[in-house]
Structures are given as C-alpha cells and as structure tokens.
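Here is a friendly briefing to read alongside your structure. Take a look at the model first, then work through the topics below.

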Amino acid sequence: TADSVVLADGVRMPLVGLGMLHVSSEEAIEPVRFALEAGYRAIDTAAVYGNEAGVGQAIRESALERDDVFVTTKVWNTDHGYDETMRAFDKSLGRLGLDYVDLYLIHWPMVSVGKIAETWRALEEIKRQGRTRSIGVSNFMVKHLEQLARDSDEVPSVNQIELHPWLQQRELEGYHAAHGIRTEAWSPLGQGKVLQNPTVMAIGARHKKSAAQVILRWHIDCGRVVIPKSVNGARIRENIDVFDFVLDSDEMAAMASLNTDRRIGSHPDSPPTVGLPFDD
Ligand code: A2P
C-alpha cells in the first residue's frame, strides 16, 4: 500500500506515525485516540517520555486490533547494558499494557557508557523472543553504525534521527541506503520552525497544501518514515493527509536547497541528561 514501507527484516511500517515527545501520560490519551480514529496506524513513544501508560491505554481502548497498530518505544540512556535493557523493556511493556511492540530502539548511542553492543544484544534477544517485531537505533551517526556493524551481525532496521529541511543528513542517509537501514525522521517539521519558509509555502500554494504537508510529503518522497508530533486534532489530521499529491523534481530540488546543517535538538554525542520522569 502507498502508506507503508517494508523494512529490511520484512516487517511493514506505516510511513506516518504520531510523535509523542513532551506530552504527559494523561495528555497523550486524547491525541493518540484521535490519531487512530483519523487513520494513523503508528505511534512513537519512549520510556523517557513518561507517557507509555497513556499511549498504551489509548491503543488498547481503540476499536483497532493490536496488529493494526505499529508501536515504537525506546530504551533510555540510563538502562544501557544487557540485563538493564531486558528489565527496562519489561517495564515498558508493562506500562504500555501490551504483549509486544513493533519496534524497539536504542534511544541514544551513549558511547560514554560503553555498552552499546550489550544493549544491542538484549534487543536481539527480545526480538528472538517475539516481544518486538523489529529492532533499531536512534540518533546514531555513521561512526556509531560502523562500530555496531563491527560488534554485531544484525543490522538495525531503522535509525530514527533528527531530520528536517534545515538538517538533511545526506551522508548518514547514504549510509542507511547502502546498508538497508530505513531512515525515520524525528522533528520532521523542525519543531514547527520551518513552516514559515517562503520556498515551502510557495510549493504548498501550488498544491493547495500547508507547509507542514509539503515537508512531510518531501520526506516521504525521499523514502523516509516520519513521526510529526502534534496534540492538536486539526494538525494531527492535516499531517496524515499527504497521500494525494507528490512533489515534482524542481520542487524536490528546491527542498534540497534548504539544507543548512542546522540542528535544533541535541547532538548525538551530547544526549539529553534529563527528560520527563518515567511513569511507573
Ligand atoms: P502542536 O502539538 O500544538 O500541533 P516536530 O514534529 O517537527 O517536532 O514538530 C512539532 C511541533 O510542530 C509542535 O510544536 C506542534 O505543535 C507543531 N505542529 C505539528 N504539526 C503541525 C502543523 N501541521 N502545522 C503547524 N504546526 C504543527
């Protein structure tokens, strides 16, 4: 179908998911419920977001079957190591109230902790147990992916990274393409800061689409999965209404020209040390 991709491990993943960063557990219930009713089939959370319970509740209470929804969560920086990650995963599943997730990610590379290989081994085991369908990483740079490739046989199916018109990550995407890793863009809208860009707005005017829709369509036309964050019903709906147009080659070139290598979020080598509290 037009609205999903098949990962290198054979698992099908929706192209658009709802991002849930900076949303409390209680605040997450309504947008997740709304998104599932509006046609979303993927929700992205993380242990550190502190909202797995609310996200899980909204998924469990929806009219959808469990296997109709693609659920992603992530192991936080303080839980690196084999046993630590196994325990952290159990807790995440418990908070979500689910039997399995679809994608489990290492949230940040955490080179300083020195246990990426052990953490990855735990993810491989969790997948082998059938408690996650896919495994991947987040915020990995080429050097982190190269090290992981030396330490392990299993390639991450996904690398979820900051990627938007200002930060296009071409070298990293090239590595992904060469190794069968799907790029998943977090803050695909540049946290909403790229929406006033005249180039993006002009493309939108031609297609009668919003700036946000143009950017999301650009990501999809580049082969990426996107997880725009919104808690607003109209914007949640807008962000998945991107399957009735495509950008032409001039428009794709105009989008490519917006790159300034400007990061809005944390650099992978200095991951955030604080986040929302876990909700267990
Ligand atoms: P809100 O939750 O109030 O909708 P990103 O996913 O790139 O981090 O962007 C998220 C930010 O962009 C949030 O502040 C969100 O606010 C806002 N946002 C999400 N979708 C849209 C949209 N379609 N139009 C305008 N702002 C949006």
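A residue counts as near a molecule or strand if its C-beta atom, placed from the backbone, lies within 6 Å of it. Around the ligand there are 18 residues, and Ser187, Leu189, Gly192, Ala212 and Ser230 come nearest. Please keep in mind that this is a predicted model: local features need pLDDT of at least 70, side-chain atom pairs count only at pLDDT 80 or more, and totals for chains, interfaces and linings use all residues. Residues are numbered from 1 along each chain as its sequence is written.

**Around the ligand**

- The shell around the ligand has 6 nonpolar, 9 polar and 3 charged residues; here Ala, Val, Leu, Ile, Met, Phe, Trp, Tyr, Cys and Pro count as nonpolar, Asp, Glu, Lys and Arg as charged, and the others, Gly among them, as polar.
- Helix H9 (residues 233–240) gives the largest share of this shell, 3 residues; helices (H or I, at least four residues) and strands (E, at least two) are DSSP runs, numbered from the N terminus.
- Ser187, one of the residues that come nearest to the ligand, sits in the loop between strand S9 (182–186) and helix H7 (198–207).
- Ser187 counts as buried because it has 24 C-beta neighbours inside 10 Å; the cut-offs are 20 or more other C-beta atoms within 10 Å of its own for buried, 12 or fewer for exposed, and in between for partly exposed, with C-beta atoms placed from the backbone.

**Overall build**

- The protein has 10 helices and 10 strands.
- Its radius of gyration is 18 Å, close to the 19 Å that the globule rule gives for 280 residues, so the protein is as compact as a globular protein of that length; the radius is taken over C-alpha atoms, and the rule is 2.2 Å times the number of residues to the power 0.38.
- Along the principal axes, the C-alpha atoms fill a box of roughly 55 × 40 × 35 Å.
- Buried residues make up 49% of the 280 residues.
- Among contacts between residues at least 6 apart in sequence, 75% join residues at least 24 apart; two residues are in contact if their C-beta atoms, placed from the backbone, lie within 7 Å.

**The nonpolar core**

- The largest nonpolar core has 76 residues, of which Val32, Ile43 and Ile215 touch the most other members; such a core is a set of buried Ala, Val, Leu, Ile, Met, Phe, Trp, Tyr and Cys residues joined through C-beta atoms within 7 Å.
- Helix H8 (residues 211–221) supplies the largest share of this core, 7 residues.
- Beyond its neighbours within four places in sequence, Val32 is in contact with Leu18, Ile43, Val55, Ala58 and Ile59.

- UniProt lists His107 for "binding site" in an unreviewed entry; its positions are given in the numbering used here, feature names are shortened, and annotations may be inferred rather than shown by experiment.
- His107 lies in the loop between strand S6 (101–106) and helix H4 (116–128), and counts as buried with 24 C-beta neighbours inside 10 Å.
- Not counting residues up to four places away in sequence, His107 touches Ala46, Val48, Lys74, Val75, Trp76, Asn77 and Ser138.
- Met110 also lies in the loop between S6 and H4, and has a positive phi of about 50° although it is not a glycine.
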